[in-house]
Amino acid sequence: MRTRWIPILWLCLIGNTLMAQNILDHMMNGSEQGRQLLEVLSEIADEEQASIFFLPRWIDGIQINKSYSSKSLGFMLEELFENTELDAVLMYPKVLVLIKDPTKDIQRREALISALMQGKKVETYEFGEPGSSSNQEVLIEGEIIDWTTGEELPFATVSVNDSLMSTASNDQGKFSLKLLAGSYVLRFNFLDYTEKVVDLHAFDNGKIYVELEKESTQLDEVVVQGERTQDLTKSKIGRTYLNVRDIKLAPAFLGEVDLVKQVQTLPGVTTVGEAATGFNVRGGSVDQNLILYDGMPVFNSSHVFGFLTTFIPEAVNDVSFYKGGIPANYGGRASSVLDIKSKDGDLNRWNANIGIGMITSKAMVDGPLKEGKTAMAASLRSTYSNWLVNAIRTDYADLSDSKVNFYDATLKLTHLVSDDTKLSFTGYSSKDAFSLEGDTTYRWHNLQVSVRLDHQFTPQLGSDFTLGHTVYGYNVDNEDPRQASRLSYQINLTSFQSAFHLDKAEHKLDFGWQLTHYRFQPGKLEPTSGNSNAANITMDNQYSIESAFYLNDEWELNDKLRLEGGLRVPMFFSFGPAEVFTYELGEVKQVSTITDTLSYKGGKLIKAYFGLEPRLSVNWEFASEASLKIGYNRIYQFLHLVTNTAAVTPVDIWQPSGYYFRPQRADQISAGLFKDFRDKAYGLSTEVFYKFIENQIDFKDGARLILNNHLETELLQGKGEAYGVETSVFKNQGKLTGSLSYTYSRSFRTIAGASTSESINKGERYPSSYDQPHIVNLGWKLAMSKRHFFTGNFTYHTGRPVTIPLAVFGYDNNSVAYFSGRNQYRIPDYHRLDLALVVEGNHNKRKKWKGTWVFSIYNAYARKNPYTIFFRTSRAGVPEPYQLSIVGTILPSVSYNLKLN
Amino acid sequence: MIFGCVQPIEFDVPPAESLVIVEGYISDQDEEYTVTISRAIPLSADSLKQPPVENATVRLYDDENNIEDFQEVSPGVYKTGGAIQGQVGKSYHIRIELEDGTIYESEPDLMKPVGNVEEIRYEFEARTEEQNFVNARKDVFNVYIDSDAGPGFGNYVRWRFKGTYRIVTNPELKVEVLPWSDLPRPIPRDCSGFRIAGHPSGSGYILVQERDCTCCECFVTQYEKAPQLSDDLLIADKQFNNVKVGEVAINNITFYDKYLVEVEQMSMTQTAFEFFKLIRIQKTEASNIFQPPSGELIGNVFPVNSDDRVLGLFWATATSKKTRFIQKSDIPYQLTPTETIPESCTVFFDHSTTVQPESWN
């Protein structure tokens, strides 16, 4: 090392006379006080006739502030050089060399050279002058934002001199670094963005604004960094950050890029079948996932019974997914959090993006309304026709003559009020209509509006406030004139959330308060024509309030150990007006055992629940690029999705906790080992978890759920339990990147009531509908050139448990099917291979438009995977199971995306 | 493009025949009690012909150590001889020993008191149904009852609905069409009492009646499609009011003559009730094609000395019965005359008998 150091120094030679035996023993006399070191040294060199070698600018500005009278020169230098990179080395008794630890300089130089060689932009920041401040340590704060939209980029990585140290921006895009005064090369990375290099000369505290630019011409660079820019060893347990660009490159069902489908490929995440709505996380049910779109909950995230999800990837900025170690600012759902943040409009220029697929087309436009100040982004997607379902040609007539229609639209407005204040508005709407053959049409809709104010009080204290309203509902229209009717269901919620973020030394504190008011219209049936026989039934509205306080602290004890602890205090109130039935004690709850009706007036409290939810996550880097992580969380869930099918249908009911239904309580502990290899070129992770759920809800056999004002007679609560191990290997660099994961996990329930009819499977433990022990996922991306990618994924999972009829017999002159116990059989295993070829347009940034072709093959070897089983009446008059494969053959598709600047 | 598909799904299930089915009850009526033992059949079976389990030893016990053996009266059908008569307040169970030594036993089931059916009412309802693009009449009489819930045990009540109508057919007019002749050849059923007396050339056949017809007049029984139960009914002052217990289809067969409605109110324990409730759910709930509304039937018959699969319910019930006729004249319009049915009525109609029910007149 030293040999490489010497050539870059300009050495000064001062003096050549000889006086003392060892120059470091030279006694100071006090005259040095208040003078520059440089001056004093040359005086000593003269006096001692010694040679002192050093680079003047190293010690330029070092002043001797006190008297070292009767102390040695060695002592003085040691004290002056403390906490600097300087040192004094005696080569000969009369030859002293001042050296500077060269490591940082070399690293900096190498980093700078490599950045320049790669054609990276390098920006220079200078804070203070060398020696201008007595501060040996400087604080560099900064913010990482999108160059085009001005939007902050959370969890971007910041590395100092490549390997010296690294950190990440927080969820507001802010970061801070404590450095010894000196020069450094900083690299800023974010998924999908060009790396930015900063040549930093930090001799005083300072602020850096880093703008990263999307869609690099250096495409291969981005691909190499891939999804794993968030490095494995540093990220929090249970959290995955989804890369929107990777999502776009993955093979897609009918060429429709889908966010939730991407979530389904993560370890620990399963789905009950192809095109099934939602996803299941670590053996949890679909309703246990909190899906947030700009902070507001989404109740039904699917189009066409789950063929597609309601989010357009182009309108999404970032997606965080948590399945364990969930921080305290999230709550209300027991299993996972999918936090989707929409994209802000570009503050400087207009962009448009048009996508043409086989079943939908979409358009997205964004740009400045007032340059640099106000921006908008809007998107719209719609189906062409009923092509999709009409193509599902089955013997089962109910699907083949179906009609489908949907759209979704988003609008986002952002306004920079000042440097510290941002105001944004999000609007989101989606509608679906799906009609089975004949007279029944299912319609469902989401509408969401929210306003958010971001304000930074001080560089350390930031905040955001969100006020929003969500409406979710569905109608089932029967158009048969004799029974023309509409069944409708609706949830209205209004929510206010305030969140504060405080950075204080090693602590990052998040705290806040969330309040949500719900109004449920649990069911309404009305005749829709004059001669309809349909009844007119309106069920009473249900009202509740959910509130939570939380405090979360991310504490970086040292380089190796990070702790995140939090506490959330949720409260839930169910209140009137309402009527509640009471039942004979000790008897099965059924209408004939009703003893009384309790009436609650408007606003009167029916039941209140409150809980304490501790959260903890620990990340210990016990060796280089290796870490051990532990997470624990407790979460209460107050809303229950009531369903008697494994796959969610749009007519399922959300039932709030109240007089009879206690909140679900989930406790999860997870632990994992993570290791990066060869400078993060490879990664290995393995995680184990155990989850226990109290008050898990399940339905009685044959439960009647729709338009039922005494659901307590149809539903049971018991225990849920899930455990498993998830292992993944990653290859993050090179032309071929990808990951392979294997999960073994189980999910059980035990519902043991006072009698057989209040128990399931006689109170014995049974597998939940999401118990899929073996899951394998393989995904890869091969960059054949800068613009051509061959991507693919393979997925395998054990078939899910089902309840089936086993035999038939006559009873009372009727044929009766003998059913198995709940979930005692399994549908066949599911496996599928998808391939895609992505051809991106010219990457020249000056070009006004850029097109991308995606050719994909879904189900490449034509496996007939069962989507679900369904039942037909057999000749003996009982249900007989069949399997319905929605995609029983190879399904090629092509889509084209056009991006205009 | 075809990409969806439907195919039968195979599960590795135990053979249906390995499941033994036991059906039977004891009532408080002075009658022979019946237990049938059979084997289940696969889902794909064409008809409900279950293999009977023959030569079993079936024994009835009460909670006072009285015992009576059942006798096999036809394959798989076992009846008592009247030594034990069911009484409210007593518990009953049976023990079955198959030829191969397998023993099944039912859990003792308590006979609970029952209330009375106080009134049967019916009400005409006009309905239509589209058939071949034409709206066809599918009118019904809805049958309602009022009843007293019984002394404190109204939570678990079943109403067994049975309807009987009379029909007359013409088995002597049965013919077969011969390929070489334009003229159908009569093949009068033996039971019609007619025979072909001659076939003069150039003319038709001559039929003569030699005996009375024994298969021309039948009484056909219609059973309920599912058990009617009290769980979703409100009890007001120990009364069940306006409970719909059945429907009678109105057509020129069911109303060839008049229609006899019989409603039996039956008491039972929760065990039996849950068993019937699951059957009712299976037969009546709007079926979701993705999830049939049902679960595992449990019953109260369990194996004693093996792990054999058995499903059965032997229950005790106190019953009270009421009947009522619906007259043809209650139909607010004229039915078209019944078409001639050239077949023995016992062959043509399921659940039919030529024996006139006691309560017919």
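Chain B: terms and values

Trainee: How is chain B divided into domains?

Mentor: Chain B splits into domain 1 (16-113 + 268-319), domain 2 (126-169 + 215-267 + 325-360) and domain 3 (171-209). The bounds come from an automatic or database domain assignment. Between the C-alpha centres of domain 1 of chain B and domain 3 of chain B the distance is 48 Å.

Trainee: What kind of model is this, and how are residues and chains labelled?

Mentor: This is a predicted model, in which local features need pLDDT of at least 70, side-chain atom pairs count only at pLDDT 80 or more, and totals for chains, interfaces and linings use all residues. Residues are numbered from 1 along each chain as its sequence is written, while chains are lettered from A and ligands numbered from 1 in the order in which they are written.

Trainee: What is the confidence in chain B?

Mentor: On pLDDT, the predictor's confidence in each residue from 0 to 100, chain B averages 87, and 95% of the residues score at least 70. Confidence is lowest in strand β1 (residues 5-8) of chain B, with a mean of 70, and highest in strand β8 (residues 91-97) of chain B, at 96. For the complex, the predictor gives an ipTM of 0.86 and a pTM of 0.75.

Trainee: What counts as a helix or a strand, and how many are in chain B?

Mentor: Both are DSSP runs numbered from the N terminus: helices are H or I with at least four residues, strands are E with at least two. Chain B has two helices and 27 strands.

Trainee: Why is Asp330(B) called partly exposed?

Mentor: A residue is buried if 20 or more other C-beta atoms lie within 10 Å of its own, exposed if 12 or fewer, and partly exposed in between, with C-beta atoms placed from the backbone. Asp330(B) has 15 such atoms within 10 Å, so Asp330(B) is partly exposed. Asp330(B) sits in the loop between β26 (319-326) and α2 (345-348) of chain B. Of the 361 residues in chain B, 37% are buried.

Trainee: What makes β2 and β25 of chain B a pair?

Mentor: Two strands pair if DSSP finds at least two bridges between them. Nine bridges join strand β2 (residues 19-27) of chain B to β25(B), and the two run parallel. One bridge partner in β25(B) is Thr317(B), which partners Ser27(B).
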